[in-house]
Amino acid sequence: IRALGLAPFAIALPREGRDDMRRRIEADAPRLRAERARIGDSLREVRRALLAEPFDREAAEAALSNSREAAMALQAYGHDALLDTLEGMSAEERSAMAERLGRAMRWIARRDGREPQRE
């Protein structure tokens, strides 16, 4: 869950919610592995561009763009799994989730040396 850019939600979700999301994510593991492999391939392309003489900016730019697209696809997949999980919660569970999310966000802000914001 954290690897999909959802760290605050991973902290805030109750165990059942994390397990639900994990099941949803693992159900499509081949697609996720393909996107992660795409990121790895892109990094290898960037490395080749770094070693080229002269530096191959266009190749590096294309590789970074491909990596960004794969990362966005992974994040979108994580968002869909999160929304499916949240949609299955009762109003009370969502309210409790919102409270835990606020605490997680404040904890992350303090950890990162920022002033936590209250809402």
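Visitor: Which side chains meet in a salt bridge at 2.9 Å, N to O?
Guide: Those of Asp 20 and Arg 24. A salt bridge here is a side-chain nitrogen of Lys or Arg within 4 Å of a carboxyl oxygen of Asp or Glu. This is a predicted model, where local features need pLDDT of at least 70 and side-chain atom pairs count only at pLDDT 80 or more, while totals for chains, interfaces and linings use all residues. Residues are numbered from 1 along each chain as its sequence is written, and side-chain values use heavy atoms, with hydrogens and water left out.

Visitor: How far apart are Asp 20 and Arg 24 in helix H2?
Guide: They are 4 residues apart, so about one helical turn separates them. Helices are DSSP runs (H or I, at least four residues), numbered from the N terminus.

Visitor: Which residues are linked with them in a network?
Guide: The network of salt bridges links Asp 20, Arg 23, Arg 24 and Asp 84.

Visitor: How many salt bridges does the count come to?
Guide: By this rule, 11. Among them is a pair in helix H3, Asp 41 and Arg 44, whose side chains meet at 2.6 Å, N to O. These two are 3 residues apart, again about one helical turn.

Visitor: What about Arg 111 and Asp 112?
Guide: Their side chains also meet in a salt bridge, at 3.1 Å, N to O. Arg 111 is exposed at 52%, whereas Asp 112 is partly exposed at 43%.

Visitor: New topic. Which residues form a nonpolar patch on the surface?
Guide: Leu 50, Leu 51 and Phe 55, with about 350 Å² of accessible area together. A patch takes residues with over 30% relative accessible area and no salt bridge, joining nonpolar side chains within 5 Å and like charges within 9 Å. Phe 55 sits in the loop between H3 and helix H4 (57-87).

Visitor: And how much space lies in the second largest pocket?
Guide: About 190 Å³. A pocket is an open set of points on a 1 Å grid where a 1.4 Å probe fits, with protein on both sides within 12 Å along at least five of seven lines; lining residues have an atom within 4 Å of a point.

Visitor: Which element gives the largest share of that lining?
Guide: H3, with 4 residues. By class, the lining has 7 nonpolar, no polar and 4 charged residues.

Terms used:
Grid points are joined across faces, edges and corners, and a volume is the space filled by probe spheres set on the points. Ala, Val, Leu, Ile, Met, Phe, Trp, Tyr, Cys and Pro count as nonpolar, Asp, Glu, Lys and Arg as charged, and the others, Gly among them, as polar. Accessible areas come from the Shrake-Rupley method with a 1.4 Å probe; for residues, only the protein chains shown count as cover. Buried means under 20% relative accessible area, exposed over 50%, partly exposed in between (1.4 Å probe, protein chains only).
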